[in-house]
Amino acid sequence: MNESQLIRKAIQGDGSAIRSLYERYSPRVYAVVRRIAGDDDLGNDCAQEAWISAIRALPKFRGEARFSTWIHRIAVNSALQAMRKAESRQKREVPITETIVASETPSSDALLAQRLEWALDRLPGGMRKVIILHDVEGYTHDEIGKMLGTAAGTSKSQLFKARGKMRELLKSLNTQDNREESETWSI
Amino acid sequence: MEHLSSEKLAYLVDERPSPSERAHLKSCTRCSEELNELRIQSHNLLELAALRPSPDNWESLETRLVNEGLIRNKQERFRRFGITALPIWIQATAAILLFLGGAGFGLNIGKDETSNALSLDKIIASTPEIETADEAARAVVLAEQAYMQALLHFRQFSDKDDENQMDDPLNRVEALEGLLVASQEALRLAPTDPLFNGLLINVLSQRQEMLKQISESR
Ligand SMILES: [Zn+2]
């Protein structure tokens with residue numbers, strides 16, 4: 001079944017068509033909401049809200065944009081909305097020395113990805129949103145400004161701060177690795 | 001020598017340097033290396049793969065989609081109205097009737113047409129006002145219990161006649177009565193639903209036929 005047939009069936013409430021759309025797009029939807037949320041639980045909630053909003057809005061999907069772009073935008077909006085709510089609550093502080101726990105020996109690519117995710121989770125919310133939307137998702141500063149309800153200039157300055165902070169976090173991880181390595185050698 | 005700030009270097013990841021910044025980068029290894037690292041970092045972020053959510057996420061999403069009426073498949077619809085809580089023989093009858101009835105009927109059946117020998121309407125009328133699917137499910141179960149009691153009386157009465165002959169049609173009426181209650185409760189929540197209307201029409205005509213058979217056999 002092609003995508004427009006799936007969408008038509010999903011609008012009619014067909015569970016397996018909705019499931020197929022979910023299988024196809026849930027990794028991209030989950031990735032963006034989880035990263036913006038900076039936390040697994042909030043990420044899961046955001047992903048569910050995003051899908052509910054998308055399926056509800058499906059009859060309004062006119063096919064002018066690609067479905068992937070359309071659902072991605074809905075996902076970003078619902079994550080940003082959830083963040084606004086969460087930001088009013090107390091932000092958890094994670095010590096910088098917390099190490100990355102790998103379930104199995106990761107490849108160098110997987111380790112790099114883990115480090116990046118780890119550092120993204122530790123950025124302040126405002127910086128994290130902008131660096132994810134710009135550097136990970138490829139939105140322009142104008143688009144980000146509209147999504148966040150701020151000026152494009154604000155998005156830029158947040159991005160530059162975020163890149164610097166991210167770099168510091170990753171450097172701190174490297175320093176920690178080097179220290180651990182030298183300790184191992186000194187035994 | 002004054003180095004470029006971290007924010008300035010982050011800006012230079014995708015913006016052109018001014019002549020003085022360019023001159024500094026040419027002469028300062030520390031700043032040019034740092035800029036290079038920042039560029040690699042942004043490149044790596046762009047390359048980050050999508051993340052697969054936990055399989056549990058679909059299950060809880062599916063439940064919500066069904067509860068909000070966004071998934072409206074036949075079996076999910078029945079589940080939504082609590083019909084899976086009914087005994088298996090009713091579910092089996094439901095499946096057969098769904099197959100026979102399809103979703104082609106767009107009619108609403110008035111209550112008057114449902115009156116029959118077992119006066120099930122009294123039971124239905126005694127169920128409380130129903131607002132939610134959960135309440136419908138509970139009401140269906142209650143109506144079921146009430147109906148079973150009524151049926152027991154009916155069976156004791158009919159036992160005076162030929163028991164074996166009565167057994168099969170009675171079981172079938174039993175199933176139909178349960179289904180009738182379930183579909184009527186469902187129609188209260190979704191009065192224009194063609195599926196439930198079709199179901200109800202089928203139940204009523206089949207029950208009529210069975211009751212005729214029973215009264216002829218007595
Ligand atoms: Zn320098």
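**Aromatic rings in a predicted model**

A:Tyr25, A:Phe61, A:Phe67 and A:Trp70 form a single aromatic cluster. This is a predicted model, in which local features need pLDDT of at least 70 and side-chain atom pairs count only at pLDDT 80 or more. Residues are numbered from 1 along each chain as its sequence is written, and side-chain values use heavy atoms.

Colleague: How many aromatic pairs are there over all chains?

Modeller: Rings of Phe, Tyr and Trp (its six-membered ring) pair if their centres lie within 6.5 Å, and planes under 30 degrees apart count as stacked, over 60 as edge-to-face and the rest as tilted. Over all chains, the count by this rule is 7.

Colleague: Which kind of pair do A:Tyr22 and A:Trp51 form?

Modeller: The ring centres of A:Tyr22 and A:Trp51 are 5.1 Å apart, with 55° between the planes.

Colleague: Is A:Trp51 buried or exposed?

Modeller: Buried means under 20% relative accessible area, exposed over 50%, and partly exposed in between (1.4 Å probe, protein chains only). A:Trp51 has a relative accessibility of 2%, so A:Trp51 counts as buried.

Colleague: Which residue has its charged end over the ring of B:Tyr11?

Modeller: A charge sits over a ring if NZ of Lys or CZ of Arg is within 6 Å of the ring centre and within 35 degrees of the ring normal. Here the charged end lies 4.8 Å from the centre of the B:Tyr11 ring, and the residue is B:Lys8.

Key:
Chains are lettered from A and ligands numbered from 1 in the order in which they are written.
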